[in-house]
Amino acid sequence: MSAPTARTSYKNGANSTYLGMPSFPRAAHAAVRDTTLRANLKHATHTIRDKRAKAVAELGDWADLREAGKQIKDHTLRHLDRYLLQLEEAVTAAGGTVHWAADADEANRIVTDLVKATGEREVVKVKSMATQEIGLNEALEAEGIAAYETDLAELIVQLGEDRPSHILVPAIHRNRGEIREIFTLTMSAWGRPAPDDLTDRPADLAEAARLHLREKFLRAKVGISGANFMVAETGTLVVVESEGNGRMCLTLPETLISVVGIEKVVPTWRDLEVFLQTLPRSSTAERMNPYTSTWTGTTDGDGPRAFHLVLLDNGRTDVLADEVGRQTLRCIRCSACLNVCPVYERAGGHAYGSVYPGPIGAILTPQLRGTASELDASLPFASSLCGACYEVCPVAIDIPEVLVHLREKVADQGGKGHRLEKAAMKASGWVLNHPAALATAERAASLTRKAHPRRLPGAAAWTNTRDLPELPAAPFRDWWKRNRTS
Amino acid sequence: MSTGRDRVLARIRRALADAPEAPEPTRSYATTHTSDDPAAVLDLLHENLADYRAVVHRTTEDDIALLLMRLLAERGSQSVLVPPQLPPHWLSAADPTRIHDRAVLTPADLDQVASVVTGCALAIAETGTIVLDGGPDQGRRRLTLVPDHHICVVRAPSQVVASLPQAMPRLDPTRPLTWISGPSATSDIELDRVEGVHGPRTLEVVLLTES
Ligand code: SF4
């Protein structure tokens, strides 16, 4: 794999930083040299991108759905305290228990204590970015509790002692031969071994995963999940998935623990009619994903007898406090912005140094974690500001606007010659030095996008410290090329 | 000592102190993308179910028993799970051993059963989705999860709606719901679509025309 320090640093997981991760440009350099990774990523992003465009085109009212999604989220965030309290009341009335965690450590402690109280030593998990963000698996492991990831891709990542590289297809950096090898070498240490004659056909690999995991599902007593949405008025949680491992984790165990970011709440049941149209089409480019589960507290005779909801802040209220940055919390994690991003395609998911790769990672991570480290300070510069991410975003997050805003913050905080400023300049330089892929995307976008970033890269504070001239309306790269030597 | 709850709520309120008002959302999107004609809606459901690789059949009350017998026989199922109040005549001609759900059945027991036959709460044509709500002709969620073969009967037109906005008010969120759009699938390995990972690998939907 590309990032040399990945393996050990991932295990250090707590509170999300891959310790020792090189800053964006260095990690990206490594990724560019990794041809397997690049070929896989390119294939993946282009395939999903084209399919998505078709799925979206089926709905003549896409722009209205996008606007409604944006407004629902903005309205909810504006009254987040009220809706969370309403949610808490509804979940409690339906037999669930609600916990509040201000940060990763608190969340990990709550979950670990809940698992310990059941007396179990293992849990099954359905893919959840929130639990990856807080390093829950490592926290559980430290207490002697084994956490089994059950998404096929997450299983590949976990067995390979690796890190996810894409929100939707986290193992996209692995090809079938590598997956066969990982299964053959490691499954036996975790449970049912891979069949002796395992081939590298995707259907056979999926079958091996089915058998390996079924053993775990059928005996599991504790399940851990995230949620895509929480409905305040009813206390209903929603998990959207494809494989059925989510249904297994949500249905078969006796205890279910869901760790969910506070921004995932929506006011009403009806609001789901918007997001259940926009999320699958933006994400997997399907009219609807194979399985969606909704549940409200506990139900007699059906599913877990105990349900715990852990509401996670972990930096989200800092994002909420930033008037430009708060729109980031509208994100429904569809990953459409990754698939259109020319920088992501070249650099790969790992270069972003957190569980959130691509354009959304470039704005979310520095806000959740702050920009004290070189990696986090360099992330807002890992973009050509082409605006393609904004175009596809189903909740209309103006990612370029937030990137520019964060660049200003980094500049304010560092100052000329500061190490953060240097990291930032290197990231910009990396982007600018990969012209081929970037230029095309950028031009395409500047033709389609009227609302280009209102302030061009390195606006205000940043340009002042750099003594750069007023920025023209040409694509950033062209402008830079013309001006960098002068 | 303040609790996590107090701290999170206080931080939210502080963060929002100067935030501009955000009005109730406007819903200018369509309530449906399809014509009102029930036959057209049913055709669309059929098409979209099939597009996502569900096997679709059409039948009537008179013929459903024979159809289900044939589907179970073709599958070679030795046993079939029966929810508490499946209409008895549906399986009146079927050969496999009927397994009635009881609380004592463990997931491992259910794993020994080949097929399951259920009704549903609703079907959504535009997305090719069937929704189960644990009603008496469906049973608890695990019945349609562990067996590898699920036959789901949709009554048309009464259980078919065109769109998501039409579906929401007809569903009861206090019940556990399972929305199914085609058999389970993954594209995790080089984006090659593989049908069937953990849920039933074969989904057959029977569109039952009401007289
Ligand atoms: S920022 Fe928008 S496009 Fe990107 S993952 Fe979030 S919702 Fe999807």
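Predicted model: local features only at pLDDT ≥ 70, side-chain atom pairs only at ≥ 80, totals over all residues.
The contact between the chains draws on 92 residues of chain A and 70 residues of chain B. About 7,300 Å² is buried between them, with carbon and sulfur atoms giving 56% of that area. Polar contacts link 34 residue pairs between chain B and chain A, both partners being at pLDDT 80 or more. On chain B, several elements each supply at least two residues to the side that touches chain A, among them helix 2 (38–51), helix 4 (107–110) and strand 9 (177–180). Helix 1 of chain B gives the most, with nine residues. The chain B side comprises 33 nonpolar, 17 polar and 20 charged residues.

B:Arg13 forms a salt bridge with A:Asp81, at 2.9 Å between the closest N and O atoms. B:Arg13 lies in helix 1 of chain B and A:Asp81 in helix 5 (residues 80–93) of chain A, so this pair joins two chains. B:Arg13 is partly exposed at 43% relative accessible area, whereas A:Asp81 is buried at 16%. B:Arg7 meets A:Glu106 in a salt bridge of 2.8 Å, N to O. Here helix 1 of chain B is joined to helix 6 (residues 104–118) of chain A. B:Arg7 is partly exposed, with a relative accessible area of 29%. A:Glu106 is buried, with 10%.

Within chain A, the side chains of A:Arg333 and A:Glu263 form a salt bridge (3.2 Å, N to O). Both residues lie in loops, and the pair ties together parts 70 residues apart in sequence. A:Arg333 and A:Glu263 are both buried. Shared partners also link A:Glu207, A:Arg210, B:Arg75, B:Asp148 and B:Arg201 into one network of salt bridges.

A:Asp61 is buried yet has no salt bridge. The nearest side chain of opposite charge, A:Arg281, is 8.0 Å away. A:Asp61 sits in the loop between helix 3 (35–57) and helix 4 (62–78) of chain A. Its contacts include B:Tyr29, B:Ala30 and B:His33.

B:Arg141 occupies the loop between strand 6 (129–132) and strand 7 (149–156) of chain B. B:Arg141 counts as buried because its relative accessibility is 10%, under the 20% cut-off. B:Arg141 touches residues of chain A, including A:Arg247, A:Trp295 and A:Asp302. In chain B, B:Arg141 touches B:Pro176 and B:Thr178. The C-alpha atoms of B:Arg141 and B:Pro176 are separated by 7.9 Å, although the two are 35 residues apart along the chain.

Key:
Residues numbered from 1 in each chain as written. Chains lettered and ligands numbered in written order. Heavy atoms only, no water. Helix = DSSP H or I, 4+ residues; strand = E, 2+ residues; numbered from the N terminus. Buried < 20%, exposed > 50% of the residue type's maximum accessible area, 1.4 Å probe, protein only. Lys, Arg positive; Asp, Glu negative; His and termini not counted. Salt bridge = Lys/Arg side-chain N within 4 Å of Asp/Glu carboxyl O. Contact = heavy atoms within 4.5 Å. Buried area = accessible area lost by both parts, 1.4 Å probe. Polar contact = N/O pair within 3.5 Å; in protein donor to acceptor, adjacent residues only side chain to side chain. Nonpolar A, V, L, I, M, F, W, Y, C, P; charged D, E, K, R; others polar. Lists of a residue's contacts leave out its neighbours within four places in sequence.
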